[in-house]
Amino acid sequence: MSQDQTAGHRGRITDSFWSRYIDLVRDVVVPYQWEVLNDRVPDAAPSHAIDNFRIAAGELQGDYYGMVFQDSDVAKWLEAVAWLLRRQRDETLERQADDTIELIARAQQPDGYLNTYFICNVAEQRWSNLCECHELYCAGHMIEAAVTYYEATGKRRLLDVMCRFVEHIDSVFGHEPGQIAGYDGHPEIELALMRLYEVTGNERHLALCRFFVDERGRQPHFYDREWERRGGSHHDFGEGGDGVQPFMLHDKGYSQAHLPVYEQDRAVGHAVRFVYLCTGMAQLARHSGDEALLATCRQLWDNMAARQIYVTGGIGAQAPRESFTSDFDLPNDAIYGETCAAIGVMFLARQMLMMDADRRYADVMERALYNNVLAGMALDGQHFFYVNPLEVDPKILGDNLVLSHVKPVRQRWFTCACCPPNLARLIASLDRYVVGCMKNRAFVHLYVGGEFELPLDGGTLRLRQESALPWRGDVELTLQADSPVRASLALRIPAWAAGFAVEINGERCDVSAADNGYIELDRQWHDGDRIALSLEMPIRRVYSHPGVRHNAGRVALQRGPLVYCLEQADNGERLHDIALYRDGRLTTTDGADTLAGMTLIRAEAGREASDDDSLYRFDRAPALSDCTATFIPYFAWANRGEGEMRVWVNEVR
């Protein structure tokens with residue numbers, strides 16, 4: 001197993017496109033979420049998350065409110081704050097975070113336990129319903145927040161609180177008499193323990209992660225034994241949680257617990273759970289040198305990425321159980337495509353890249369980032385999508401119960417509010433996804449402008465990247481080094497690029513992409529060396545595998561990393577009447593008003609029309625009249641009011 005130094009690199013995003021989103025997270029999203037967590041936004045769903053900690057600490061009278069995993073909203077807010085503080089100190093944010101951390105510490109129980117739902121409601125039922133109640137999931141998110149806050153500020157308060165909690169967890173779980181040989185229904189603790197291990201170096205943290213991974217899916221099944229000990233009861237998730245959910249017990253695949261992980265070979269169950277679990281497994285494989293576990297991760301990735309992922313990088317084909325279905329079953333209107341799931345795709349892709357620097361992981365990571373992830377938040381930073389469809393007609397949503405999960409406009413907040421804070425922490429930590437290092441090789445995975453420090457075996461390189469993506473394919477990299485460094489710099493050539501050209505210090509470089517999709521520039525680098533990379537960004541027509549029946553006879557448009565869509569605001573109603581001409585011209589144009597600064601696409605198309613109002617008719621196909629269809633970046637849809645939207649469009653000769 002190759003040793004990587006990716007965890008040691010530091011970066012700062014300066015990209016003109018992404019800086020806007022990072023600033024939006026800092027100036028709007030995180031402050032807005034702080035107000036929501038404190039129930040100070042009248043038209044948003046109540047959170048009560050901060051008050052839950054006050055009640056748990058004995059400082060406020062009242063009842064716990066919210067989902068059983070409400071604590072995780074606070075943890076993800078804290079982690080987003082930590083990433084922002086790592087980028088730039090902010091006294092107000094840091095004070096709010098420090099005060100929140102002290103509140104969390106006061107809520108912690110004498111034995112180290114920390115979960116406000118159980119502390120406030122049913123302390124005697126701790127660790128009795130892992131299948132349904134997210135105790136280790138909440139612990140994992142708080143661990144991630146603690147690690148990030150320590151790395152950002154050097155303050156150990158939350159880290160110490162969580163290390164104490166992990167000691168408690170370590171004493172509760174295991175195979176010794178009186179211990180629990182089980183695992184959480186929602187994976188998260190696994191990847192969190194690996195992040196903790198990377199900071200502490202404590203082998204117990206790695207061993208505890210190994211325990212949870214190895215126990216999952218073993219027979220006799222833990223969920224069944226746990227359920228019997230509870231007397232056959234289930235947790236009632238109440239409003240927003242589909243009431244009592246016994247399927248969590250009976251459908252073991254829902255939480256990827258149907259088989260031991262080494263025997264699993266395809267993406268099944270709840271999409272977020274799947275990518276969170278695989279992320280933890282990949283981290284464990286990397287740090288432990290477990291080749292069998294790595295092979296499992298590759299197998300699961302290949303099934304997801306080649307059979308069960310949307311062109312926008314989303315996963316989760318159906319609303320029931322927010323889950324995968326079967327290979328090539330990718331409906332556009334009934335999709336779930338949860339924002340958190342696409343974020344999890346990025347988590348997993350990053351871990352796979354640390355072990356296998358292969359374009360296939362970075363391409364999917366980029367696809368998810370620029371499309372499904374970015375679409376999860378409105379341009380104002382105060383409205384959010386939980387579900388990210390590829391086809392919407394608002395007129396039918398109210399009556400079609402199959403589509404009741406789909407919203408035609410973004411919402412202010414959610415009863416189950418996992419997505420908005422997840423978005424905030426992802427965008428605030430984007431620098432982690434751009435570059436990577438393995439021994440004496442530095443990799444550029446994403447063309448996002450910024451400054452990055454690359455610790456290599458031969459010395460440290462500092463890289464300044466300037467990028468015109470996603471609108472143009474021009475990238476310039478400037479290297480800085482205190483002394484010459486012999487190293488290989490590997491640049492990804494995206495699958496969407498029709499061609500590329502490279503210059504080093506103004507001289508054309510004749511180089512081809514290797515089998516892994518990266519070009520390798522191996523030389524002695526000096527301070528001030530400059531690399532110019534030009535990626536050809538034509539408008540590409542995208543076609544599905546024949547197995548995807550939902551897209552038969554349809555085409556999607558992509559330019560660079562961006563997938564495009566039709567929207568009613570530009571094209572009127574009945575978008576399904578529009579068909580692109582197969583040989584029709586595709587041209588770019590500049591957006592205006594809300595879409596100012598964006599590149600749009602104009603396409604020669606036909607629109608079906610009929611003067612016959614019959615529901616069905618014989619022998620007369622609808623006539624096509626020429627029109628020009630306007631496509632906008634998918635991430636920008638639903639920012640101009642409610643209306644129809646469609647990614648996959650009919651195509652005719």
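Predicted model: local features only at pLDDT ≥ 70, side-chain atom pairs only at ≥ 80, totals over all residues.
Q: What makes Arg26 and Asp23 a salt bridge?
A: The closest N and O atoms of Arg26 and Asp23 are 3.2 Å apart, and the cut-off is within 4 Å, so the pair counts. The two residues sit three apart in helix H1 (residues 16–37), which means about one helical turn separates them.

Q: Why is Arg26 called partly exposed?
A: Its relative accessible area is 22%. Buried would need under 20% and exposed over 50%, so Arg26 lands in between. Asp23, at 27%, is partly exposed too.

Q: How do you know that Arg462 and Asp482 form a salt bridge?
A: Their side chains meet at 3.3 Å, N to O, and that passes the test of within 4 Å. This pair links distant parts of the chain: Arg462 belongs to strand E6, Asp482 to the loop between E7 and strand E8 (485–492), 20 residues apart.

Q: What makes Asp482 buried or exposed?
A: Asp482 has a relative accessible area of 73%; exposed means over 50%, so Asp482 is exposed.

Q: Why are strands E6 and E7 called paired?
A: Strand E6 (residues 459–467) and strand E7 (residues 474–480) share six bridges in the antiparallel sense. Pairing takes at least two bridges, so they qualify. Along this pairing, Arg464 stands opposite Thr478 in E7.

Q: What makes E1 and E10 edge strands?
A: In the open sheet, ordered E1-E5-E6-E7-E12-E9-E10, strand E1 (10–13) and strand E10 (507–509) each pair on one side only.

Technical notes
Residues numbered from 1 in each chain as written. Heavy atoms only, no water. Helix = DSSP H or I, 4+ residues; strand = E, 2+ residues; numbered from the N terminus. Buried < 20%, exposed > 50% of the residue type's maximum accessible area, 1.4 Å probe, protein only.
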